[in-house]
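Good morning. I will show one structure and go through a few of its features.

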Amino acid sequence: DLHCQCGYSFCRFCGQEAHTPLPCALVSLWEHSVIDNRKLSEKEKAAQRRKKEMQQKMKKDAEENEKWLLQRAKPCPKCLKWIE
């Protein structure tokens with residue numbers, strides 16, 4: 001989980017609110033089953049679409065950041081923090 005200075009915590013992989021120890025797939029299944037069991041207004045549907053788009057973008061950005069980091073940085077042998 002990632003923790004922002006504002007106090008919000010979220011999953012680094014799917015962008016959802018922090019859900020440790022549950023895997024992303026299980027959280028997604030649960031969310032879809034809850035959504036399917038109630039009728040959504042057009043506003044709610046649009047909000048869900050925007051949320052999903054944002055999560056996909058965050059996941060893509062995280063993957064790109066990880067790739068960049070692995071190509072250009074190494075962990076400190078003592079403290080294991082990444083160093084460029």
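**A salt bridge and its surroundings**

Lys57 and Asp61 sit four residues apart in helix α2, so about one helical turn separates them. Helices here are DSSP runs of H or I with at least four residues, strands are runs of E with at least two, and both are numbered from the N terminus. This is a predicted model, where local features need pLDDT of at least 70 and side-chain atom pairs count only at pLDDT 80 or more, while totals for chains, interfaces and linings use all residues. Residues are numbered from 1 along each chain as its sequence is written, and side-chain values use heavy atoms, with hydrogens and water left out.

The side chains of Lys57 and Asp61 form a salt bridge, at 2.8 Å from N to O. The term means a side-chain nitrogen of Lys or Arg within 4 Å of a carboxyl oxygen of Asp or Glu. By this rule the count is one.

How accessible is Lys57? Lys57 is partly exposed, at 48% relative accessibility, and Asp61 is partly exposed too, at 29%. Buried means under 20% relative accessible area, exposed over 50%, and partly exposed in between, with a 1.4 Å probe and protein chains only.

Now to Gln16, in the loop between β2 (9–10) and α1 (24–36). Is Gln16 buried or exposed? Gln16 is buried, with a relative accessible area of 10%. Leaving aside neighbours within four places in sequence, Gln16 is in contact (heavy atoms within 4.5 Å) with Tyr8, Phe10, Cys11, Glu31, Lys51 and Gln55.
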